[in-house]
Amino acid sequence: MELRTIRYFLAVAEQESFSAAANNVLFVTQPTLSRQMQELEEELGVQLFVRSNKKTTLTEEGLRFRKRAQEIMELV
């Protein structure tokens with residue numbers, strides 16, 4: 001797992017939207033961001049997001065990972 005991936009995850013969690021995070025925060029394409037998050041979920045073996053047309057929310061595992069991700073970024 002790379003720090004970039006953690007930064008991407010935190011942006012999606014904060015924006016509650018893949019497209020908003022991609023366009024307004026990260027300046028990457030939405031398909032790239034979606035692919036990165038899918039790979040992160042596969043790497044961790046858990047679903048991190050509940051995806052819908054209107055909003056993306058975190059699962060219980062996603063909430064736990066967000067806390068750890070924030071701690072990691074603070075240390076860096």
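This is a predicted model: local features need pLDDT of at least 70, side-chain atom pairs count only at pLDDT 80 or more; totals for chains, interfaces and linings use all residues.
A residue counts as exposed when its relative accessible area is over 50%, as buried when that area is under 20%, and as partly exposed in between. With these cut-offs in hand, F27 is a friendly place to start: its relative accessible area is 66%, so F27 is exposed.

F27 is found in the loop between α2 and α3, just after the end of α2. Its backbone deserves a second look. Most residues other than glycine have a negative phi. F27, however, has a positive phi of about 55 degrees although it is not a glycine. E16 has a relative accessible area of 34%, so it is partly exposed.

How do the axes of α2 and α3 cross? Helix α2 covers residues 18-26 and helix α3 covers residues 30-44; their axes come within 9 Å and cross at roughly 115 degrees. Angles from 65 to 115 degrees count as roughly perpendicular, which makes α2 roughly perpendicular to α3. The crossing of α2 past α3 is right-handed. On the α2 side, the contact involves F18, S19, A21, A22 and L26, and these meet Q30, L33, S34 and M37 of α3. Sorted by class, the contact of α2 with α3 has six nonpolar and three polar residues, with no charged residues.

Which residues of α2 are buried? They are F18, A20, A21, A22 and L26. An α-helix has 3.6 residues a turn, so residues three or four places apart point the same way.

The axes of α1 and α3 come within 10 Å and cross at roughly 110 degrees, which makes α1 roughly perpendicular to α3. From α1, the residues R4, T5, Y8, F9 and V12 take part, and from α3 the partners are L33, Q36, M37 and L40. By class, the contact of α1 with α3 has six nonpolar, two polar and one charged residues.

A further contact joins α1 to α4. Here the axes come within 10 Å and cross at roughly 125 degrees, and α1 and α4 are therefore oblique to each other. In this case α1 passes α4 in a left-handed crossing. The contact brings together L3, I6, F9, L10 and A13 of α1 with G62, F65, R66, A69, Q70, I72 and M73 of α4. Its classes are nine nonpolar, two polar and one charged residues.

E2 is found in the segment before α1 (3-15). With a relative accessibility of 44%, E2 counts as partly exposed. The side chain of E2 makes a polar contact with the side chain of R4 at 2.8 Å. E2 and L40 are 38 residues apart in sequence, and their C-alpha atoms are 9.8 Å apart in space.

Is E41 buried or exposed? This residue lies in helix α3, and at 11% relative accessibility E41 counts as buried. Leaving out residues up to four places away in sequence, E41 touches V46, Q47, L48, F49 and R51.

T59 has a place in the loop between β2 (56-58) and α4 (60-75). At 13% relative accessibility, T59 counts as buried. The side chain of T59 reaches the backbone oxygen of Q47 at 2.6 Å. Residues touched by T59, again not counting those up to four places away in sequence, are Q47, L48, F49 and V50.

Finally, E74 lies in helix α4. Its relative accessible area is 68%, so E74 is exposed. E74 and V28 are 46 residues apart in sequence and 23 Å apart in space, C-alpha to C-alpha.

Terms used: Residues are numbered from 1 along each chain as its sequence is written. Side-chain values use heavy atoms; hydrogens and water are left out. Axes are lines fitted to C-alpha atoms, for helices over the stretch in contact, and angles run from 0 to 180 degrees between N-to-C directions. Helices (H or I, at least four residues) and strands (E, at least two) are DSSP runs, numbered from the N terminus. Angles under 35 degrees count as roughly parallel, over 145 as roughly antiparallel, 65 to 115 as roughly perpendicular and the rest as oblique. A crossing is left-handed if the near helix is turned anticlockwise from the far one by less than a right angle, and right-handed if clockwise. Contact means heavy atoms within 4.5 Å. Ala, Val, Leu, Ile, Met, Phe, Trp, Tyr, Cys and Pro count as nonpolar, Asp, Glu, Lys and Arg as charged, and the others, Gly among them, as polar. Buried means under 20% relative accessible area, exposed over 50%, partly exposed in between (1.4 Å probe, protein chains only). A polar contact is a pair of N or O atoms within 3.5 Å; within protein, one must be able to donate a hydrogen and the other to accept it, and residues adjacent in sequence count only if both atoms are side-chain atoms.
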